[in-house]
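This report is written for a reader who is meeting the structure for the first time. It takes up the aromatic rings and then the pocket.

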Amino acid sequence: MREADRRCGVADLLMQRLFDIARQQGCGRVEWQTEHDNTSARRFYEALGAKIHDGKVFYRVEL
């Protein structure tokens, strides 16, 4: 995405639509992840009302 295209509200609309679909499907939550150092994404997610969830540990096996 070009920098000039950022902060136009598209990502917010997409996330809100995702939340609407999840509610319609009877989901109790939506979960996702980002890198620790992706501060702009973290600010965006926090502005949506998302909270960091410490209850899970993410594992990966590099092949």
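## Aromatic cluster

Phe-19, Trp-32, Phe-44 and Tyr-45 together make up one aromatic cluster. The model is a predicted one, in which local features need pLDDT of at least 70 and side-chain atom pairs count only at pLDDT 80 or more, while totals for chains, interfaces and linings use all residues. Residues are numbered from 1 along each chain as its sequence is written, and side-chain values use heavy atoms, with hydrogens and water left out.

## Ring pairs

There are three aromatic pairs in the structure, where rings of Phe, Tyr and Trp (its six-membered ring) pair if their centres lie within 6.5 Å, and planes under 30 degrees apart count as stacked, over 60 as edge-to-face and the rest as tilted. The ring centres of Trp-32 and Tyr-45 are 5.2 Å apart and the planes stand at 70°, so this pair is edge-to-face. It links distant parts of the chain, since Trp-32 is in the loop between α1 (10-24) and α2 (39-47) and Tyr-45 is in helix α2, 13 residues apart. The rings of Phe-44 and Tyr-45, with centres 5.6 Å apart and planes at 55°, form a tilted pair.

Trp-32 is partly exposed at 34% relative accessibility, a class that lies between buried (under 20%) and exposed (over 50%), with a 1.4 Å probe and protein chains only. Phe-44, at 26%, is also partly exposed.

## Largest pocket

The lining of the largest pocket has 20 residues, and Trp-32, Gln-33, Thr-34, Ile-52 and His-53 lie nearest the centre of the pocket; a pocket is an open set of points on a 1 Å grid over the protein atoms alone, where a 1.4 Å probe fits, with protein on both sides within 12 Å along at least five of seven lines, and lining residues have an atom within 4 Å of a point.

Technical notes. Helices (H or I, at least four residues) and strands (E, at least two) are DSSP runs, numbered from the N terminus.
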